[in-house]
Number of protein chains: 2
Amino acid sequence: MKLFDEHNFIQQLSIDCVIFGYKEKELKVLISKVKVELDIYTLPGGFIKQEESIDEAAKRILEERTGLKDIFLEQYRVFGEPFRINHEIFENINSLKKEWLEQGVLDENDIKWLSKRFVSIGYYALVDINKVSPQKGLFDESVDWYNVKELPSMIMDHNKMVQFALETLRLFLDQKLIGFNLLPETFTIREVQELYEAVYDKPFARNNFQKKILDLDVLERLEKKFTGAANKAPYLYRFRN
Amino acid sequence: MKLFDEHNFIQQLSIDCVIFGYKEKELKVLISKVKVELDIYTLPGGFIKQEESIDEAAKRILEERTGLKDIFLEQYRVFGEPFRINHEIFENINSLKKEWLEQGVLDENDIKWLSKRFVSIGYYALVDINKVSPQKGLFDESVDWYNVKELPSMIMDHNKMVQFALETLRLFLDQKLIGFNLLPETFTIREVQELYEAVYDKPFARNNFQKKILDLDVLERLEKKFTGAANKAPYLYRFRN
């Protein structure tokens, strides 16, 4: 089955997405396992259709994997080394391609397409993890959230892509207040602090942090969180767009 | 003459460079005029060879235009709208392609190559303008420095590319202290302030600015600048890497 050709897609150019979620005090990344017994892991990715913009392509790829539209999504870096393959996984990929060819999943042209050098545009996305039910891509056997500190070894330079995305997230977390995209609709200040601690991988002093966040004047205070012990319950907040 | 094909270059992917220089209190950008009587202006750009990294390609393109190696150069954004052509210049480009075809500068395959949609990786470079003697590219009739505030209307989305590059420069000027790449080897604090004023397009208070720059602790104080009036002469400084 012919999937790829240059009439439909731009050759040698791909998009890979680092999808960040946050749960149980851990920053997580959505990762596909392509073929269970071969240990081939990848970031969700895809190609750019001739008639769509790169942003539209990234949105399409993300919607396929997360079911979500309108999520925070930005390009952050292009990965363009001529040899982005990591060799320990290379043999596994080649045997997988051969298998797909034999099974008719791909045809000779697809193999030729996939075997060329690719320049990849890295996008990172921030999602409310509770809203996502991860969807398998065409070639995935499973897709799961991994703690950013305990990622499997992925194909190509995908581990490096996550590191650069994390650096970008750290750079803009304060500057552009993008972190609230990772939280549910309402949250306590303590939960914001835990998110910041997960992203920067270091503790913050509680009083300073609370003051700093409230001084930003971007949060709206709501009712107290229901905990059963009313007088000690913290307030809930919402991000005011 | 066949110049472009997919065995040598990656199709539909280009690099465009915003080369910033600084002179006479003005931030300037290096721009090519392709064909004098047609008013076609472009940023210096080119394609990526199959065997080179995108950074190597950008370095090669910059060296061709500036004669400089080892200059400050970074990717900053990908421009990937499906229709990046601006229509007022489109007709001029098409008549120019036809002329080159008739003159044998390009062949039919080159025209086909150039007529496809391109995704372009934007790089920005900071150079000491005194070290550059601008070199014409293959298709240029002239190449010159323009004040960033008085740019001609360029092909495609090249004016937008300059705006994004300028925003990136402003973002990182403080954060990464990259501005010294635009100055000669030695300079006065006043000259640094004038550079900052040109980049941000606004005045800075002299005393505050001097304190802020010196507090960074990245400058080495040298002898006084020779002005003829020894007691009022300002000190020269050098950036300590």
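Me: What share of the 241 residues in chain A is buried?

Reply: Buried residues come to 51% of the 241 residues in chain A. Buried means under 20% relative accessible area, exposed over 50%, and partly exposed in between, with a 1.4 Å probe and protein chains only. This is a predicted model, in which local features need pLDDT of at least 70 and side-chain atom pairs count only at pLDDT 80 or more, while totals for chains, interfaces and linings use all residues. Residues are numbered from 1 along each chain as its sequence is written, chains are lettered from A and ligands numbered from 1 in the order in which they are written, and side-chain values use heavy atoms, with hydrogens and water left out.

Me: How many helices and strands does chain A have?

Reply: Helices (H or I, at least four residues) and strands (E, at least two) are DSSP runs, numbered from the N terminus. Chain A has 6 helices and 10 strands. Its C-alpha atoms fill a box of roughly 70 × 35 × 30 Å along the principal axes.

Me: How do I read a salt bridge, and how many are there over all chains?

Reply: Side chains of opposite charge can pair when their charged atoms come close. The rule here asks for a side-chain nitrogen of Lys or Arg within 4 Å of a carboxyl oxygen of Asp or Glu. By this rule there are 34 salt bridges over all chains. One of them joins Asp217(A) and Arg240(A), at 3.3 Å from N to O. Asp217(A) lies in the loop between α6 (206–215) and β9 (219–224) of chain A and Arg240(A) in the segment after β10 (235–239), so the pair ties together parts that are 23 residues apart in sequence. Asp217(A) is exposed, at 53% relative accessible area, and Arg240(A) is partly exposed, at 39%.

Me: Which residue forms a salt bridge with Arg65(B), and are the two partners buried or exposed?

Reply: The partner of Arg65(B) is Asp140(B), with 3.0 Å from N to O. Arg65(B) sits in helix α1 (residues 54–66) of chain B and Asp140(B) in the loop between β6 (119–126) and β7 (142–147) of chain B, so this pair links parts that are 75 residues apart in sequence. Arg65(B) is buried, with a relative accessible area of 9%, and Asp140(B) is buried at 12%. Salt bridges with shared partners also join Lys25(A), Arg190(A) and Glu194(A) into one network.

Me: What about Lys28(B): which residue does it bridge to?

Reply: Lys28(B) bridges to Glu26(B), the closest N and O atoms being 2.9 Å apart. Lys28(B) counts as buried at 11% relative accessibility, whereas Glu26(B) is partly exposed at 28%.

Me: How do I read the sheet with β8, β10 and β9 in chain B?

Reply: Strands of a sheet pair through backbone hydrogen bonds, either parallel or antiparallel. Two strands pair if DSSP finds at least two bridges between them. In chain B, an open sheet of 3 strands has the order β8-β10-β9, with antiparallel pairing. β8 and β9 of chain B are at the edges, each with a single partner strand, so one side of each has no neighbour in the sheet.

Me: Which residues stand opposite each other?

Reply: Strand β8 (residues 186–187) of chain B pairs with β10 (residues 235–239) over 2 bridges, and Thr186(B) stands opposite Arg238(B). Strand β9 (residues 219–224) of chain B pairs with β10(B) over 4 bridges. The bridge partner of Lys224(B) in β10(B) is Tyr235(B), and that of Arg221(B) is Tyr237(B).
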